[in-house]
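Please open the structure in a viewer and keep the selection tool at hand. The stops below are meant to be followed in order.

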Amino acid sequence: MSHPTTVDPHGPHVGHEAHHEELGFWRKYVFSVDHKVIGIQYGISGLLFLFFGFCLMMLMRWQLAYPGAPLPIIGALFGEARMPGGSMLPEFYNELGAMHGTIMVFMGVVPLAVGGFGNFVLPLQIGAPDMAFPRLNMLSYWAFFLGGVTMLASFFVPGGAAQSGWTSYSPLAIIAGSGQTWWLVGMIFLITSSLLGAINFITTTIQLRAKGLMFMRFPFFVWTQFVTAFLLLLAFPPLEAAGVMQLMDRVAGTSFFLPSGLVVSGQPLQVAGSGNALLWQHLFWFLAHPEVYVLILPAMGIVAEIIANNTRKPLWGYKPMVYSLVFLGFMSFIVWAHHMFMTGMGTAMATFFQTTTMIISIPSVVILTALILSLWGGSIRFNTPMLFALGFLPMFGIGGLTGLPLGLNVSDIPLHDTYYVIAHFHYVVAPGTIFALFAGVYYWFPKATGRMMNETLGKIHFWGSMICMNIVFMPMFIVGMAGVSRRLFDGGATYDFAQPILHWNAVSSWGAWIMALFQLPFIYNFFSSMWNGEKVGDNPWEATTIEWAAPSPPPHGNFSTEPVAHRGPYDYSLPGAKKDFVPQCEA
Amino acid sequence: MEIPYTVEARRDTGLNNGKIGIWLFLASEVMLFGALFASYILIRTGSSSWPRGDTILSVPLATFNTLVLISSSVTMVMAWASLMRRKLGTFRMYIGGTVLLGLVFLIVKYFEYSDKFHHGHFPSTDNFYAIYFTLTGLHMLHVAGGMAVNAYFWGPGAKQYYTNPEWFTNRVENSGLFWHFVDLVWIFLFPTLYLL
């Protein structure tokens with residue numbers, strides 16, 4: 001989970017920590033309380049889970065492109081219970097689908113964006129020696145780790161992993177096999193981890209910021225992490241409550257989510273009944289809509305840092321961006337039922353939630369517009385982090401704008417639950433958030449290791465991923481608008497109306513498999529650059545924010561002298577200054 | 001390496017880290033129990049019939065338990081106040097009393113639960129019992145958690161008093177905030193489940 005270059009006590013920058021006793025291997029790299037080690041643990045775990053979730057999806061794409069055809073070579077590895085003769089069973093397809101979503105959201109993107117970048121960068125950016133509660137920080141990583149192990153183990157229980165989608169709708173999830181119980185237990189670990197992390201992030205941001213670092217001098221990334229932490233803190237507990245109730249329904253035989261008179265496979269279900277199936281959806285989406293912003297806000301923060309740095313200009317409209325961000329955080333708590341227009345919850349509810357949904361699109365557009373306008377008149381450096389950050393802008397734009405028809409309940413009716421929805425939110429999260437996360441990896445890698453990642457490999461990675469992402473997801477708009485449901489295990493092959501567009505399924509699939517090849521340069525680059533990358537100084541990007549004033553890699557305790565913030569975060573190209581950037585902690 | 005503001009308050013916020021942390025934690029707890037109370041309302045209003053709590057559950061026992069928990073909040077405050085006056089012996093007496101009162105609460109709950117099980121009432125019986133067992137069960141877990149922390153401060157944790165009494169006092173105060181919250185949840189649970 002960690003690598004020997006994280007904290008190098010023999011490096012050139014031995015600060016005031018040098019006299020401290022040496023910690024053993026386990027305390028230093030495994031059960032560490034240092035925010036940087038924990039951040040890297042989170043980051044690498046998150047990247048591994050992202051890759052694993054991607055592999056699940058590549059398997060599904062085979063079934064969608066060539067329904068029923070035996071998967072060559074590796075198909076036999078999955079055994080007769082999952083893929084007899086190499087052809088995928090529907091149950092296994094459902095497992096892959098449910099776990100792809102769960103892993104990508106809760107074990108991939110959030111741990112990398114919040115646990116990884118938040119832990120590593122936020123304390124450095126506010127000039128803190130560590131997080132406010134270092135041991136709690138370690139606990140939160142290990143709670144996440146246990147949750148991850150539980151989820152992975154669920155593939156091997158009788159009946160396999162959860163099959164009811166990442167949303168685990170009731171009653172389906174309650175009558176499902178034992179994998180669902182594992183899913184719930186795993187989720188409780190993951191939720192605990194996020195809650196502990198959120199408490200730590202907020203306290204750290206409020207208490208440990210450097211002298212002179214008022215809130216309006218925060219880098220935008222710090223603001224995004226701060227708001228994200230509030231979303232995690234307040235939105236996750238209701239899902240925990242829902243998880244407890246679903247667990248009770250499954251284990252103790254209660255009927256929280258089971259209505260009366262439920263018939264399963266022709267047999268009336270022997271339960272007390274009179275529960276409410278929609279209640280699960282309300283509680284789930286009360287978390288899961290803020291969760292969407294948990295996925296996107298840190299990404300916006302990363303992109304903002306990189307754009308300011310590589311345009312050599314202050315961000316355009318820092319204050320409106322911050323106000324939009326905070327407003328967006330508030331609003332994200334009252335839009336959840338736009339996921340439920342088709343549930344029969346009533347037109348009054350639908351009207352309310354489509355209105356709030358239209359309102360919340362405004363701050364998102366303000367932030368995106370400000371980021372685009374920030375490019376105006378800059379002398380842009382097209383390095384790898386900047387390419388990924390620039391790629392984020394149109395991709396997130398496509399994802400966001402295609403969400404509008406889904407947020408209006410009339411146009412949602414034909415589009416609901418089709419591949420259009422899949423295309424929409426993947427444009428936000430995959431070429432959107434994940435591109436921003438890649439940008440962040442390339443950008444802060446030299447801070448974590450003291451070495452640069454290879455630019456050529458990085459550019460191959462970017463262009464390959466950029467093109468393939470669109471090959472994967474653009475066809476899904478077409479398939480979705482033709483009316484193909486996202487839940488079909490054969491990608492619509494049995495439906496007459498789907499015949500004219502079925503070939504697009506194979507296009508998407510090939511896009512995904514080729515994209516996998518373009519991740520190989522990244523994986524190689526990541527590991528080889530740790531040891532062989534070009535050595536650089538503390539501030540290779542000539543950036544202004546405080547993390548670049550720390551040595552690379554920063555020692556335990558981070559700064560050799562206590563940093564003081566004298567100015568705003570983005571004093572690039574200041575008229576009359578000697579250089580084109582003035583660091584935040586320079587008087 | 002020292003984390004700043006672990007003990008002393010930061011001047012511009014007026015708070016130490018632990019105080020902010022515990023209030024944030026309580027905010028998330030409010031959301032947790034808030035979601036459960038909201039579910040209770042939705043399930044109850046959606047049911048064709050719903051029993052009045054006092055026809056099923058024992059109001060005298062619950063009233064007794066309410067008094068027990070309120071008393072334990074008083075002893076909790078007294079424990080912290082004793083530490084503020086740097087009287088470790090008195091602190092030990094009061095924090096021990098708080099733990100014991102928590103234990104009394106759990107014992108009474110045990111008799112209530114076993115009475116229900118004895119009469120064949122389980123969470124699966126109907127949604128009244130489902131929500132009763134879930135809410136009170138989760139609350140009991142919180143009581144047990146608070147007792148564990150307080151017992152730690154009564155026992156091995158008290159060593160910190162000799163090295164850093166101020167920090168120790170702060171930690172007891174935070175534990176007290178949690179304990180009052182657990183008490184407060186019961187103050188809502190009692191009328192909701194037993195009286196309405």
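How many residues does helix α3 of chain B have, and how far does it reach from its first C-alpha to its last? Select residues 88-118 of chain B to find out: helix α3 has 31 residues and reaches 44 Å, close to the 45 Å expected at 1.5 Å a residue. Please bear in mind throughout that this is a predicted model.

**Along helix α3 of chain B**

Within this helix, select B:Phe91, B:Tyr94, B:Ile95, B:Thr98, B:Val99, B:Leu101, B:Gly102 and B:Phe105, which are the buried residues of α3(B). Next, display α2 (59-84), α4 (127-154) and α6 (165-195) of chain B, which are among the elements that cover those buried residues.

Now select B:Ile107, which also has its place in helix α3 of chain B. Is B:Ile107 buried or exposed? B:Ile107 counts as exposed, because it has 12 C-beta neighbours inside 10 Å and a residue with 12 or fewer is classed in that way. A distance drawn from B:Ile107 to B:Asn65, C-alpha to C-alpha, comes to 9.8 Å, although the two are 42 residues apart in sequence. To leave the helix, go to B:Gly120, which follows α3(B) and has a positive phi near 80°.

**Where the two chains meet**

Display both chains together. Here 31 residues of chain B are in contact with 35 residues of chain A. On the side of chain B that touches chain A, the elements giving two or more residues are α1 (17-46) and α4 of chain B. Of these, α1(B) gives the most, with 15 residues. Colouring this side of chain B by class will show 17 nonpolar, twelve polar and two charged residues.

In the segment before α1 of chain B, select B:Tyr5. B:Tyr5 is not a glycine, yet its phi is positive, about 60°. With 21 other C-beta atoms within 10 Å, B:Tyr5 is buried.

**Chain A as a whole**

Select chain A, which has 15 helices and two strands. Its radius of gyration is 24 Å, close to the 25 Å that the globule rule gives for 587 residues, so chain A is as compact as a globular protein of that length. Along the principal axes, the C-alpha atoms of chain A fill a box of roughly 75 × 50 × 50 Å. Of the 587 residues of this chain, 56% count as buried.

**The largest nonpolar core**

Which residues have the most contacts inside the largest nonpolar core? They are A:Val303, A:Phe392 and A:Ala439, in a core of 227 residues. Helix α7 (residues 277-311) of chain A contributes the largest share of this core, 21 residues. Centre the view on A:Ala439 and, leaving aside neighbours within four places in sequence, display its contacts: A:Ile302, A:Val303, A:Ile306, A:Pro385, A:Phe388, A:Ala389 and A:Phe392.

**Backbone details in chain A**

Go to the loop between α4 (134-153) and α5 (179-207) of chain A, where A:Pro171 is found. The peptide bond from A:Ser170 to A:Pro171 is cis, with omega near -5°. Then move to the segment after α15 (503-532) of chain A and select A:Pro553. A cis peptide bond joins A:Ser552 to A:Pro553, with omega about -10°.

The last stop, A:Asn558, is found in the segment after α15 of chain A. A:Asn558 has a positive phi of about 75° although it is not a glycine. A:Asn558 is buried, with 25 other C-beta atoms within 10 Å.

Terms used: Residues are numbered from 1 along each chain as its sequence is written. Chains are lettered from A and ligands numbered from 1 in the order in which they are written. This is a predicted model: local features need pLDDT of at least 70, side-chain atom pairs count only at pLDDT 80 or more; totals for chains, interfaces and linings use all residues. Helices (H or I, at least four residues) and strands (E, at least two) are DSSP runs, numbered from the N terminus. The expected span of a helix is 1.5 Å times one less than its number of residues. A residue is buried if 20 or more other C-beta atoms lie within 10 Å of its own, exposed if 12 or fewer, and partly exposed in between; C-beta atoms are placed from the backbone. Two residues are in contact if their C-beta atoms, placed from the backbone, lie within 7 Å. A nonpolar core is a set of buried Ala, Val, Leu, Ile, Met, Phe, Trp, Tyr and Cys residues joined through C-beta atoms within 7 Å. The radius of gyration is taken over C-alpha atoms; the globule rule is 2.2 Å times the number of residues to the power 0.38. Ala, Val, Leu, Ile, Met, Phe, Trp, Tyr, Cys and Pro count as nonpolar, Asp, Glu, Lys and Arg as charged, and the others, Gly among them, as polar.
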